[in-house]
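Hi,

Here is the structure I promised to send over. Have a look at it first, and then read on for my notes.

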Amino acid sequence: MEAIQTASGLPTVRPPGAGILPTMFILAIVLHVVTTVGVVLLVLLHSGRGGGLSDMFGGGLGASAAGSTVIEKNLDRITIVAALIFGFVTLALALMMDT
């Protein structure tokens, strides 16, 4: 944190991220929260050893191997994309906090 001299002569501490555009910072935080919840929900939808929540959507209709249905493959792809977005937003927030 960086100390700033104010008009009254008393030093104040500048909060992290104060040098960036506030709307971009708020947008990044909102996107981070949304992707965090999305990744958690998507991981919970995956079928484990005994099925899982993906069976509700037709994932267990005679599939002999785990992940062999179209729904499971699409769920894998969506989860990977959401995890990549989460990683990039986390990195962007870390870089914003550094400035």
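Let me start with a question: is Val33 buried, partly exposed or exposed? With a relative accessibility of 48%, Val33 counts as partly exposed, because that value falls between the 20% and 50% cut-offs. Val33 sits in helix H1, and there it is one of the residues of a nonpolar surface patch. Ile29, Val37, Val40, Leu41 and Leu44 are the other members, and the patch covers about 520 Å².

Before going further, please keep in mind that this is a predicted model. The mean pLDDT of the chain is 77, and 58% of the residues reach 70 or more. Confidence is highest in H1, at 92, and lowest in strand S1 (residues 2–5), where the mean is 56. Where pLDDT is low, the coordinates should not be read in detail.

Now the overall layout. The chain has 2 helices and 2 strands, and from the N terminus on the order is β-β-α-α. Of its 99 residues, 18% are buried. The chain exposes about 7,100 Å², and 74% of that is supplied by carbon and sulfur atoms. As for contacts between residues at least 6 apart in sequence, 57% of them join residues at least 24 apart.

Next, the inside. In soluble globular proteins, nonpolar side chains tend to be buried together. The largest nonpolar core here has 5 residues: Phe25, Ala28, Val89, Leu93 and Met96. Helix H1 (22–45) and helix H2 (70–98) are the elements that give two or more residues to this core, and H2 provides the largest share, with 3 residues.

Which residues does Leu93 contact, leaving aside its neighbours within four places in sequence? They are Phe25, Ala28, Ile29 and His32.

Thr35 is another residue to look at in helix H1. Thr35 is buried, because its relative accessible area of 10% is under the 20% cut-off. Not counting residues up to four places away in sequence, Thr35 touches Ile85 and Phe86.

Finally, here are three pairs to check with a distance tool:

- Val43 and Thr79 are 36 residues apart along the chain, and their C-alpha atoms are separated by 7.0 Å. Val43 lies in helix H1 and counts as partly exposed, at 48% relative accessibility.
- Ile78 and Val39 are 39 residues apart in sequence, with 9.2 Å between their C-alpha atoms. Ile78 is part of helix H2 and, at 48% relative accessibility, is partly exposed.
- Met97 and Phe25 are 72 residues apart in sequence, and their C-alpha atoms are 9.2 Å apart in space.

Best wishes, and happy viewing!

Key: Residues are numbered from 1 along each chain as its sequence is written. This is a predicted model: local features need pLDDT of at least 70, side-chain atom pairs count only at pLDDT 80 or more; totals for chains, interfaces and linings use all residues. Side-chain values use heavy atoms; hydrogens and water are left out. A nonpolar core is a set of buried Ala, Val, Leu, Ile, Met, Phe, Trp, Tyr and Cys residues joined through side-chain atoms within 4.5 Å. Buried means under 20% relative accessible area, exposed over 50%, partly exposed in between (1.4 Å probe, protein chains only). Helices (H or I, at least four residues) and strands (E, at least two) are DSSP runs, numbered from the N terminus. Contact means heavy atoms within 4.5 Å. pLDDT is the predictor's confidence in each residue, from 0 to 100. Accessible areas come from the Shrake-Rupley method with a 1.4 Å probe; for residues, only the protein chains shown count as cover. Patches are made of residues with over 30% relative accessible area and no salt bridge: like charges are joined within 9 Å, nonpolar side chains (Val, Leu, Ile, Met, Phe, Trp, Tyr) within 5 Å. A salt bridge is a side-chain nitrogen of Lys or Arg within 4 Å of a carboxyl oxygen of Asp or Glu.
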